[in-house]
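The sequence and structure come first.

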Amino acid sequence: FLRTESERRWVRGAFGRYISPAVVDRLAEHPERLTLGGEMREMTILFNDIRDFTARSERLDAHGLTRFVNRYLTPMTEVVLSQRGTIDKYIGDCIMSFWNAPIDDTEHALNACRAALGMREELKRLNSIWAAEQAGDSHGFDPVRFGIGVNTGICCVGNMGSDQRFDYSVLGDDVNLASRLEGQSKTYGVDIVISETTEKEAASLATLELDLLRVKGRTKPVRIFTLIGDETVANSTEFKARKVRHDTMLAAYRARDWEKAAARL
């Protein structure tokens, strides 16, 4: 009994800040599901980063900057946890999260995409609150924007670090690709960029192809998409018509039929 209770306390202490309470309870009841050390498995990784954060932070003092970051990270974290995700770490204003560890999630790509859409809605809500708070400011309100990158692939997940300090984290080329895709969101003028592997596993959602892109550190190009909306959007007549026009434009562009591509644009 003492050994079992000790295991449960250890699991709750180790993972209570990373994953939702419901998942922590499941781990505490079945600690054998948790593999210590590293293991290779298919996962979906999401990076969320505020755009132009450096410029924004220069206008705030230490207290104001801390309050702003915490007000942003808290609801974004809640979205990740609500979709069965795990918080890997906060890198300044950036949130790194992943799905399908430590608890199995057969719909990890779909849940990560739903989290990205949920973050988009949360940002709209936050911007409306901040705009109301700064209504009397002579400088006006500059809406907060973010970029999100999502990728699915085989990664190494487990306790990473040293004997003195370690974290439950994820490593691998597909983790780096997710980070690269987040950086490309600004280039393509969209807020969410997902890889082809993620798009295939979340095919029920509304997506549009952006490009065939070779990111830094990779020799082979990857097909990338932007995430427009959920299943309701995907099944709407308006989106279906838009997708046909978009795909026709992209095909004309790749065929170097510039006039047709420009007309579709």
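What percentage of the contacts in the protein chain between residues at least 6 apart in sequence join residues at least 24 apart? The share is 64%, where contact means heavy atoms within 4.5 Å.

## Basis

The model is predicted: local features need pLDDT of at least 70 and side-chain atom pairs count only at pLDDT 80 or more, while totals for chains, interfaces and linings use all residues. Residues are numbered from 1 along each chain as its sequence is written, and side-chain values use heavy atoms, with hydrogens and water left out.

## Overall make-up

The protein chain holds ten helices and eight strands. These elements are DSSP runs numbered from the N terminus, helices being H or I with at least four residues and strands E with at least two.

Of the 265 residues, 43% count as buried, that is, under 20% relative accessible area with a 1.4 Å probe and protein chains only. The chain exposes about 14,500 Å², and carbon and sulfur atoms supply 51% of that area. Accessible areas come from the Shrake-Rupley method with a 1.4 Å probe; for residues, only the protein chains shown count as cover.

## Largest pocket

A pocket here is an open set of points on a 1 Å grid over the protein atoms alone, where a 1.4 Å probe fits, with protein on both sides within 12 Å along at least five of seven lines; lining residues have an atom within 4 Å of a point. The largest pocket has a volume of about 460 Å³, a volume being the space filled by probe spheres set on the points, which are joined across faces, edges and corners.

Its lining has 17 residues, with Arg56, Arg59, Leu60, Phe68 and Gln134 nearest the centre. Helices α4 (62-82) and α5 (108-133) each supply at least two lining residues, and α4 gives the largest share, five residues. By class, the lining has eight charged residues, five polar and four nonpolar.

## Cysteines

There are zero disulfides, a disulfide being a pair of cysteine sulfur atoms within 2.5 Å. Cysteine 155 is in no disulfide, and the nearest cysteine sulfur, that of cysteine 156, is 8.8 Å away. Cysteine 155 is buried at 0% relative accessible area. Cysteine 113 is also buried, with a value of 0%.

## Leucine 205

Leucine 205 lies in the loop between α7 (196-201) and β7 (206-213) and counts as buried at 4% relative accessibility. Beyond its neighbours within four places in sequence, leucine 205 contacts Leu110, Cys113, Leu227, Gly229, Asp230, Glu231 and Ala234.

Key: Ala, Val, Leu, Ile, Met, Phe, Trp, Tyr, Cys and Pro count as nonpolar, Asp, Glu, Lys and Arg as charged, and the others, Gly among them, as polar. Buried means under 20% relative accessible area, exposed over 50%, partly exposed in between (1.4 Å probe, protein chains only).
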